[in-house]
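Here is a note for a colleague who is starting out with protein structures. Please keep the sequence and the 3D view open while you go through the numbered points.

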Amino acid sequence: MNLKKISIVALTGLVLAGVPVTAGTNLIGNADLSQDDGTGDPVGWNRVVPRTERTDLAIDARPLGDGVFEIAFFGSSRLFFKQGGITLKPGEPYRLSGEVKTFGLGSAQMLFWLWNTHWKVDCKSELFPADTKGGWKTVSLDFTAPASEKLDDYTFSICGTGSETVAAKAHIRNMRLVALTEEGEKASAPPDPKCFRPLPARL
């Protein structure tokens with residue numbers, strides 16, 4: 001097997017998988033960030049910020065209610081707000097989607113990103129629009145789950161890169177990852193809540 005990293009880019013949406021699921025079951029755990037760990041951090045999610053002396057790099061994520069959450073990436077470096085431990089079935093089709101509202105991103109960027117074990121193959125959505133003018137825009141990706149050394153080790157993330165003057169900031173709702181076939185649903189599963197554990201903010 002060629003271990004060289006492969007990147008799959010599409011212009012429409014992403015998808016994740018879940019526990020022995022029923023049709024339409026969302027495979028992203030705590031997708032609206034409404035569950036927190038008691039300290040204000042969303043259960044099942046981790047912030048990935050490079051180890052550096054810079055103090056401007058940060059990720060802020062918080063629920064706004066009614067299924068909407070706000071996320072902001074500060075600093076001109078690529079940062080990830082991620083959830084691992086997702087089970088997918090290689091070769092099966094999935095859809096990842098979410099509605100986004102942005103407010104003048106300028107040179108800042110945001111997108112959905114999914115990868116397999118050791119990040120050998122990844123799938124990316126299109127970039128979020130720079131400014132949705134107060135409305136909601138659906139960003140989605142249909143993809144075929146790539147092979148992975150561990151089938152319960154796919155990772156989904158929201159990726160953001162701010163700029164020197166503007167944070168990458170958006171409101172997101174209805175973020176979903178679903179299998180598109182019965183076979184995929186049976187073999188897919190969201191992260192086991194028992195495995196959710198806090199990790200250091202800087203990895």
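This is a predicted model: local features need pLDDT of at least 70, side-chain atom pairs count only at pLDDT 80 or more; totals for chains, interfaces and linings use all residues.

1. Rings of Phe, Tyr and Trp (for Trp, its six-membered ring) are taken to pair if their centres lie within 6.5 Å, and the pair counts as stacked when the planes are under 30 degrees apart, as edge-to-face when they are over 60, and as tilted for the rest. With that rule, ring pairs link W45, F81, F112, F128 and F156 into a cluster, and a search of the whole structure finds 10 aromatic pairs.

2. Residues are numbered from 1 along each chain as its sequence is written, and side-chain values use heavy atoms, with hydrogens and water left out.

3. F80 and W115 form an edge-to-face pair, with 5.6 Å from centre to centre and 85° between the planes. Because F80 lies in strand β5 and W115 in strand β7, this pair ties together parts that are 35 residues apart in sequence; strands (E, at least two residues) and helices (H or I, at least four) are DSSP runs, numbered from the N terminus. F80 counts as buried at 9% relative accessibility, and W115 is buried too, with a relative accessible area of 9%, where buried means under 20% relative accessible area, exposed over 50%, and partly exposed in between (1.4 Å probe, protein chains only).

4. The rings of F112 and F156 have their centres 5.7 Å apart and their planes at 50°, so this pair is tilted. It links distant parts of the chain, since F112 is in strand β7 and F156 in strand β10, 44 residues apart. F112 is buried, with a relative accessible area of 0%, and for F156, also buried, the value is 0%.

5. Which residues touch the most other members of the largest nonpolar core? They are I71, F112, F156 and I158, in a core of 39 residues; a nonpolar core is a set of buried Ala, Val, Leu, Ile, Met, Phe, Trp, Tyr and Cys residues joined through side-chain atoms within 4.5 Å. At least two residues of this core are supplied by each of several strands, among them β4 (68-74), β7 (109-115), β10 (154-161) and β11 (168-179). The largest share, 6 residues, comes from β11. A second, separate core of 6 residues includes V48, L111, W113 and C159. As general background, nonpolar side chains tend to be buried together in soluble globular proteins.

6. A search of the whole structure finds 8 salt bridges, each being a side-chain nitrogen of Lys or Arg within 4 Å of a carboxyl oxygen of Asp or Glu. In one of them, the side chains of K169 and E70 meet at 3.7 Å, N to O, and this pair links distant parts of the chain, with K169 in strand β11 and E70 in strand β4, 99 residues apart. R62, E70 and K169 are linked in a network of salt bridges.

7. D142 forms a salt bridge with R95, the closest N and O atoms being 2.6 Å apart; D142 is in strand β9 and R95 in strand β6, 47 residues apart. The side chains of R173 and E99 also meet in a salt bridge, at 3.1 Å, N to O. R173 lies in strand β11 and E99 in strand β6, so the pair ties together parts that are 74 residues apart in sequence.

8. Finally, please check the backbone at D66, where phi is near 55°, a positive value in a residue other than glycine. D66 is found in the loop between β3 and β4, and is exposed, with a relative accessible area of 84%.
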